[in-house]
Amino acid sequence: MSDILFKVGYGHFLVLAAVLFLIGMGGVLVRRNALIILMSVELMLNAANMTLLTFARMWGDLSAHTFALIVIAVAAAEAAVGLAIVVAVFRGRRNVDVDKLTALRH
Amino acid sequence: MIINPADFGYIVPYLILVITGLLLVLAEAFYKGKDRTALVSLAVAGALAGAIASVVLYRQVAPGARVTLFGEMLFADRTGYILSALFCVATALTALISPAHQREHEWQLGEYYGLLLLSASGMVMLAHAANLVTIFLGIETMSIAIYVMCAMRRRSRRGNEAAMKYFLIGAFATGFLMYGMALLYGAAGTSNLLRMQSALAATSNPGLVIAGGFLLVVAFGFKIAAVPFHMWAPDAYEGAPTPVTAFMAAAVKAAAVAAMMRLFGLALGGDLLPYGRLGWASPFVVIAAITITLGNISAIRQDNVKRMLAYSSISHGGVLLVGICSLGLGAVSANGSLIYYLIAYTLSTLGAFAVVIYVGSRGNERTLVDDWSGLASKHGGAALAMTVCLLSFGGMPPTGGFFGKFYVFKSAMEVYDGQLLWLVVIGILNSAISIFYYLRIVTAMYFKEPTTPFTPTKSGGLIFVMALCPLLVLEMGIMPGFWLKLVGG
Amino acid sequence: MKAFILALLVAVGLPAIAFAQGSAAPQPGQPGPRPGTIVVQPGQPLPPNVRRLQPGDTPLAVPAKGGAQAPELLQPAKPEKFPHGDRVESKLDSKGIPASKPLALLFWAFAAATIGGALFVVTRRNLIAAVMGMVGSFLGISAIYMMLYAHFLSVVQMLVYAGAIMVLFVFVVMILNRPEDEPVAPTGRIGGVIGGLAIAYLVGRLVMILIKVRPPTGEAANLAPGPTSLGHDWGSVKAVGTDLFGPGLFPFEAISILLLVGVGGAIAIARPLHEDEPASTSGADNV
């Protein structure tokens, strides 16, 4: 038990990232508000980034830091476009609940 | 220094697309007036220049050679150039069919053409990607531009809704993609695809390879709309403006397949990696079988032509997955067959959607099958073009679609021990089923009386695409050997 | 008609002209190298990622066809005598992966902040509260990055995520200014339960794999990373910058295209519907 508590190794960081990923995934699957879903996706990307940096440390390889930086930039661009789409949808129907997007059901 | 100035010569198609895209975005800011013809010409010229540059470079590179560029971020090989030529041509054709639809349905946004070319630049990056970083970046550049293009009919609630669904699902898939890539990186210690194969074979953490492979299967399942992950596709395809739908169904799917060819064929496949057999390949073959079957069965029930084409495109995604599986499991000819199939599929899709645009007009989109009744009596050319494209989708003999399916299934038979034989049988049975709903449209066009007079959307570019695509598809069917040799099969 | 003739010409002529010579390149009798091989013309310098086989190299084992070997490679690593025995621990070193108690406690504190913030995001009804939870989560993540010797990334995480992206979210929340009606999808359907169980099982498997991850270099991997080959501290701005402007230059430049797409696209979608745009016609909602 004290090993798990006090001997923090790569496994700890990786499991922390996996839990973060799971929470993000759960948020996307369960919540209905587009903004919360977008935030949950950001959590998933952060979990991926944390995994990447843990492995970078493990392998002593800096190129993953570049990768992580690029992921952060992509997340920013994605958030900008996503929020713009949310605003556009809101303008049309005054709410952003994904369950109420029903114009396309047949 | 790692950057060699000569490397820029190898990515001229990419540079052309990027520069033209930037010019178009800039031009929109300073452009006055409603007439966007100049922008369309510039976009088509840029995309065609990219295609020509790809062809020129294709001939420069020896078959089988790989030149690594920019610190191994990209590489130049024949597969990459033929794919980037395909993406550039698809972009040019999309740019040609767009203005008529924009004029008719009044969503003339100049940013559209800039985003179209920048999206294509992401696809070209995917075609040449030699690193997880460039694959990720290419997919995102392509996807983010497409999300925006979906939402460009800004007064249409359906367009916004389609964009929202596509965006949320796409972002979710990005999360899986990135996490899967991180795990693969952890197993291999490198993000370079060329070195990854041997690194993975010697890894001390085989579990990470399997977990990462599964996550990538999920991510790409979303991207090409394979069946458990396909729910967004019919809505997004129906709600998006038709030229964007054409681009999504044709080029985006082809680009995702290009990325998969690199990732699953190169890094995760081949003889060196026994995990390929039981790691990602086993869920993939199951997904391929379900995708082909359910895509077809759902298409039968559709009355809306755009939705029917969406489900048919899902089913074609399944056939592409069969090709990817056989590539990863070591079938040597799978590379050429996949590219052949992609070309035939892309051209048929663009042709079919061009006819959909032609038939519709303002206030009357005519997307129901019944609306197409009697098209042949008034507009025989359009009906003929649609028929050829549909026959190619269905895999009927004198078309490229037939040989595409034939070559893909033939490569699948090459996989060791006939492991994919059952998949080939399912694919062929489904080809037969699919004829049924394609013929529904053909029967409506030829053997029914028109209900209301047609007021087609006419434009030179549109008619050109409607003529070019079926002709090329027929040509691919008549001289398949020539085309197969081009793609290195 | 003119368009048709033009199309006919292009369809027949272009591919023939474009590829006729190129396709003839593979000579008969000289089969091309198998895919995956890199061909270097004599006299050409080797590409940077290739080196010639040296006498001491281990040849890569090629498994027998048929996958007879495959199942055994998939067996999970044999459980060792004591739990976590496969994790290499360096008791002497307190600078690497935190082996000392205070550092371990800090790890748990920041992990709690990360997970707590994330849970806050997915459970709160109030959107502003969710955003604040997100910021707390990013604070924890940033500190965790610091523990992983990713100093530069840690700062970027705070500046870009907490500083910029979250401000954007707050803006949009303020613009929409609307509480949520029904925060959570109605559950209780069989499908949801089965899906949840499947996900739980897969995540359990994933955690088992992750706990067992073995560092490739054994004991050495737990030590504090040494300076890079250029003498910069590992993970510092200098070290990451050197990588970013070396092999990472192409993606670094290409990301500007992506950001341009994001900015231009966001403006195109979200700007107000102008007067000069045509009014909605009956057909606008049709597709």
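Which helix of chain A holds A:N46? I looked this up and found A:N46 in helix α3 of chain A, residues 34-59, where helices (H or I, at least four residues) and strands (E, at least two) are DSSP runs numbered from the N terminus.

Before going on, I note that this is a predicted model, in which local features need pLDDT of at least 70 and side-chain atom pairs count only at pLDDT 80 or more, while totals for chains, interfaces and linings use all residues. Residues are numbered from 1 along each chain as its sequence is written, chains are lettered from A and ligands numbered from 1 in the order in which they are written, and side-chain values use heavy atoms, with hydrogens and water left out.

**Entry on A:N46.** I find A:N46 buried, at a relative accessible area of 0%; buried means under 20% relative accessible area, exposed over 50%, and partly exposed in between, with a 1.4 Å probe and protein chains only. Apart from neighbours within four places in sequence, A:N46 is in contact (heavy atoms within 4.5 Å) with A:L20 and with C:F138, C:I141, C:Y145, C:Q157 and C:Y161.

**Entry on chains C and A.** I then looked at the whole contact, which takes 91 residues from chain C and 75 residues from chain A. The two chains bury about 7200 Å² between them, 78% of it on carbon and sulfur atoms; buried area is the accessible area (1.4 Å probe) that two parts lose on being put together, summed over both. On the side of chain C that touches chain A, the elements giving two or more residues include α4 (127-147) and α5 (151-176) of chain C, and the largest share, 13 residues, comes from α3(C).

**Entry on B:T134.** I place B:T134 in helix α6 (residues 132-150) of chain B, and B:T134 is buried, with a relative accessible area of 0%. Not counting residues up to four places away in sequence, B:T134 touches B:M73, B:L74, B:M125, B:A129 and C:F250.

**Entry on aromatic rings.** How many aromatic pairs does the structure hold over all chains? I read 33, where rings of Phe, Tyr and Trp (its six-membered ring) pair if their centres lie within 6.5 Å, and planes under 30 degrees apart count as stacked, over 60 as edge-to-face and the rest as tilted. The rings of B:Y147 and B:F167 have centres 5.1 Å apart and planes at 85°, so I record this pair as edge-to-face. B:Y147 lies in helix α6 of chain B and B:F167 in helix α7 (residues 157-188) of chain B, so the pair ties together parts 20 residues apart in sequence.
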